[in-house]
Amino acid sequence: WACAALRFYDDSLLAHLDNLAASTAARMSPLASSSLLTSFAKLGYRDGRSAALLAEQAALQPGALSRQQLCNVLWALGALQSAEVSLAKSLGRELEQRLMGEDEHGARLDYSQVFHAGMMMNMQWKTGNARTVMGLSGGTWARMRDAWMEVVEEQGGQTSALQRQVSEVLDRLHVEHSFNCATRDGLMCVGISVGSAQRSVALEVESTDHYSVNGIHRALGERLIRRQLLKARGWELGVVNAHKWNRLNSPWDKALYLAGVLSTCGIKSMERQDTPPT
């Protein structure tokens, strides 16, 4: 949990913790299991063998988990791409029963989290029936979708300072782009879209908070998930890493860096003989 909270990613340490978790999962409380599982998911650690064991342990005593913790476990299973159908169904049915007996006030984030989990499970299973598998009613799923769309709309109304910096360089490179473009299904918002109607290219501007604080600044779980979901929706991705961007001192260096990112998506913005953009 501390590693996730601090955004500290170390392969050897996480492998050791994963081995410990796998060997002691049967003795863990549901609360400890859900906390550890969620932490692995936030870090984007998918190489372990403890995820299914931890989720099973959490599901053994679902009544010991709060609504939020149940949602966390479902989200983590989707994020780690390790959701077994039987386990997702067990947890989903428990959540459905819990929602029937609880006040929905303040449940928006929990609802949006489970809808997000469903998107990831659909991608893993290559189906569109995560709602059915989880045993959630149509009404509950509709409320979860509405909660997710509220989050997406809020994101669509925001533009970060880093995105504006990137936009200024794109203008200098004469690259047409737009802010906050929705995917075709409307379930995601692309911060900066580049290209034409025939090609969907997302320029993902990722802040330092999206990366680990140590080592090579590895992208963490939520960013890895976002990239996967966008690719699954037909978008090509170019990633602007804030750690690299912030080390560039001149507009010319930033233009060269951005041109390199665009070239990975097949977008030519500069020739070798180009002079610094004015």
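Visitor: Why is Cys181 called partly exposed?
Guide: In this predicted model, Cys181 has a relative accessibility of 26%, and since buried means under 20% and exposed means over 50%, the value falls in between, so Cys181 counts as partly exposed.

Visitor: Why is Cys3 called buried?
Guide: The relative accessibility of Cys3 is 16%, and because the word buried is applied under 20%, Cys3 counts as buried.

Visitor: How do you know that the structure holds zero disulfides?
Guide: A disulfide requires a pair of cysteine sulfur atoms within 2.5 Å, and the structure holds zero of them.

Visitor: What makes Ser33 a buried residue, and which residues does Ser33 touch?
Guide: Ser33, which lies in helix α3, has a relative accessibility of 0%, and because buried means under 20%, Ser33 counts as buried. Leaving aside residues up to four places away in sequence, Ser33 touches Met28, Leu54, Gln57 and Ala58, where touching stands for heavy atoms within 4.5 Å.

Visitor: Why is the largest pocket said to lie between domain 1 and domain 2?
Guide: The protein chain is divided into domain 1 (1–154) and domain 2 (159–265), and both give residues to the lining of the largest pocket, so the pocket lies between them. The centres of domain 1 and domain 2, taken over C-alpha atoms, are separated by 28 Å, while 22 residues of domain 1 are in contact with 21 residues of domain 2.

Visitor: What makes up the lining of the largest pocket, and what is the volume of the pocket?
Guide: The volume of the largest pocket is about 1,400 Å³, and its lining consists of 48 residues, with His116, Gln155, His210, Glu222 and Arg223 lying nearest the centre. Sorted by class, the lining has 18 nonpolar, 20 polar and ten charged residues. Helix α3 (residues 30–43) gives the largest share of the lining, namely seven residues.

Visitor: What makes the phi of Arg7 worth a remark?
Guide: Most residues other than glycine have a negative phi. Arg7 is not a glycine, yet its phi is positive, at about 60°.

Visitor: Where is His174, and why is His174 called exposed?
Guide: His174 has its place in the loop between α10 (161–172) and β1 (177–182), and its phi, near 60°, is a positive value in a residue other than glycine. The relative accessible area of His174 is 72%, and because exposed means over 50%, His174 is exposed.

Terms used. Residues numbered from 1 in each chain as written. Predicted model: local features only at pLDDT ≥ 70, side-chain atom pairs only at ≥ 80, totals over all residues. Heavy atoms only, no water. Buried < 20%, exposed > 50% of the residue type's maximum accessible area, 1.4 Å probe, protein only. 1 Å grid on protein atoms, 1.4 Å probe; cavity = no way out; pocket = protein on both sides within 12 Å on 5 of 7 lines; lining within 4 Å. Points joined across faces, edges and corners; volume = space filled by probe spheres on them. Helix = DSSP H or I, 4+ residues; strand = E, 2+ residues; numbered from the N terminus. Nonpolar A, V, L, I, M, F, W, Y, C, P; charged D, E, K, R; others polar. Domains from an automatic or database assignment.
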